[in-house]
Structure formats: structure tokens, C-alpha cells
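Hello,

Here is the structure I promised to pass on. My notes follow below it.

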Amino acid sequence: MLFLKVRDIMTNPAISVTGEDTVCEAARVMQAHNIGALPVVSEKNTVDGIVTDRDIVLRTVSRGKDACEMKVKDIMTTEVEKITPDTDIKDAVKRLGTDKIRRVPVIEKNELVGMLSIGDIATQSGFNAEIAEAICEISK
């Protein structure tokens with residue numbers, strides 16, 4: 001547990017979409033996999049952005065836009081925090097809390113190799129205090 005790395009608990013492979021996919025397609029992928037965020041990747045599997053269920057609601061639905069006509073690239077967040085597979089889990093938890101994010105793409109050699117979420121970390125015993133602290137930071 002002391003030397004647990006991101007690669008040991010990340011979700012792999014990461015489910016992703018492209019910027020050219022429609023928002024409807026992204027929502028369907030989220031529903032099919034019961035996830036709330038998708039990395040947006042290029043043809044070379046590099047991360048161009050991230051789209052969340054919240055992005056879909058706030059940038060599409062609440063504005064009365066047609067999600068089946070809009071492209072993911074039009075609503076995604078382009079400034080994306082990333083982490084490497086060799087990052088220590090304790091450092092990852094601190095980063096999630098500091099950056100106020102619940103999930104982060106895992107990148108190796110500029111390519112998407114997985115996703116790490118608070119949920120992935122929460123399933124590991126021994127991180128209860130760190131998780132609670134990170135969630136408090138995220139929620140502020």
C-alpha cells in the first residue's frame with residue numbers, strides 16, 4: 001500500500017470520445033459505461049480535452065441547444081489536468097484535492113493510458129482520511 005502507484009488502480013483502458021463526436025454520442029457512452037466524464041482524444045490518442053455530464057447539462061441542455069447536432073469539441077474543457085501512471089497514489093489524492101477535480105486522465109508518452117477517479121482510490125483501503133480531505137477540497 002505504501003508504494004501504490006496510479007497504474008495499480010487506474011481504470012484501463014479509458015473510455016474516450018473524439019472532438020468530432022456529437023454530444024449525444026458522448027452522453028450515450030457515459031450512460032453505457034456508467035461514468036460522468038470522458039477524455040476527448042485526437043487520432044493519435046493524445047488528450048485534447050475532457051467532457052463531463054455537467055458540461056453537457058450546462059453548455060448544451062440548459063441553453064436549449066440540440067445535443068445531437070453539437071460536437072464534443074464545442075463544449076469540452078480544453079485545459080485538462082493530467083497525471084502519469086508512476087505517480088504515487090498519495091500524491092495523486094493531494095493533486096485531485098488541490099486542483100478540485102474528481103477524475104484525471106492518465107498519460108504516458110503523451111498518450112491516454114487510463115483514467116483515475118476518486119472512486120478508484122476510495123476502493124483501496126488505507127486512504128480514508130486522504131479521500132475525505134480531497135473530497136472536502138473538491139467541494140469547496
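**What I found**

The chain exposes about 8100 Å². Carbon and sulfur atoms supply 48% of that area. Please keep in mind that this is a predicted model.

**Overall picture**

The chain has 140 residues, and 40% of them count as buried. It holds six helices and five strands. Along the sequence the order is α-β-α-β-β-α-α-β-β-α-α. Take the contacts with a separation of 6 or more: residues 24 or more positions apart account for 57% of them.

Confidence first. The mean pLDDT of the chain is 89. Of its residues, 87% reach 70 or more. Strand S1 has the highest confidence, at 98. Helix H6 (residues 128-139) has the lowest, at a mean of 61.

**The three-stranded sheet**

Three strands form an open sheet with mixed pairing, in the order S1-S2-S3. The edges are S1 (17-18) and S3 (47-52), and each of them pairs on one side only.

S1 and S2 (residues 37-41) run parallel and are joined by two bridges. Here valine 17 stands opposite valine 40 of S2.

S2 and S3 pair in the antiparallel sense, over five bridges. Alanine 37 faces threonine 52 of S3 in this pairing. The two strands, S2 and S3, form a hairpin with five residues between them. In that turn, asparagine 45 has a positive phi of about 65°.

How enclosed is S2 by the rest of the structure? Largely, because five of its five residues are buried. In a regular strand, side chains alternate between the two faces of the sheet. In S2, Ala37, Pro39 and Val41 point one way. Leu38 and Val40 point the other way. All of these residues are buried.

Helix H2 (residues 23-33) lies across S1, S2 and S3. H2 runs at about 130° to S2.

**The disulfide**

A search of the whole structure finds one disulfide. The partners are cysteine 24 and cysteine 68, with their sulfur atoms 2.0 Å apart. The pair links distant parts of the chain, 44 residues apart. Cysteine 24 sits in H2, the helix that lies across the sheet strands S1, S2 and S3. Cysteine 68 sits in the loop between helix H3 (53-59) and helix H4 (89-99).

Which hand does the disulfide have? The torsion about the S-S bond is about -75°, so the disulfide is left-handed.

Are the two cysteines buried or exposed? Buried means under 20% relative accessible area. Cysteine 24 has 14% relative accessibility, so it counts as buried. Cysteine 68 has 39%, so it counts as partly exposed.

**A buried loop residue**

Threonine 60 also belongs to the loop between H3 and H4. Its relative accessibility is 0%, so threonine 60 counts as buried. What does threonine 60 touch? Leaving out residues up to four places away in sequence, the contacts are Val23, Asp55, Lys65, Asp66, Ala67, Met70 and Ile75.

**Backbone points to check on screen**

Most residues other than glycine have a negative phi, and most peptide bonds are trans. These spots depart from that pattern:

- Asparagine 12 to proline 13: this peptide bond is cis, with omega near 5°. Proline 13 lies in the loop between helix H1 (6-9) and S1.
- Lysine 100: phi is positive, near 55°. Lysine 100 lies in the loop between H4 and strand S4 (103-108). With a relative accessible area of 39%, lysine 100 is partly exposed.
- Asparagine 110: phi is positive, near 65°. The residue is in the loop between S4 and strand S5 (111-117). At 59% relative accessibility, asparagine 110 counts as exposed.

Asparagine 45, in the hairpin turn described above, also has a positive phi.

Best wishes

Note on methods:
Residues are numbered from 1 along each chain as its sequence is written. This is a predicted model: local features need pLDDT of at least 70, side-chain atom pairs count only at pLDDT 80 or more; totals for chains, interfaces and linings use all residues. Side-chain values use heavy atoms; hydrogens and water are left out. Two strands pair if DSSP finds at least two bridges between them. Helices (H or I, at least four residues) and strands (E, at least two) are DSSP runs, numbered from the N terminus. Contact means heavy atoms within 4.5 Å. Axes are lines fitted to C-alpha atoms, for helices over the stretch in contact, and angles run from 0 to 180 degrees between N-to-C directions. pLDDT is the predictor's confidence in each residue, from 0 to 100. A disulfide is a pair of cysteine sulfur atoms within 2.5 Å. Buried means under 20% relative accessible area, exposed over 50%, partly exposed in between (1.4 Å probe, protein chains only). Accessible areas come from the Shrake-Rupley method with a 1.4 Å probe; for residues, only the protein chains shown count as cover.
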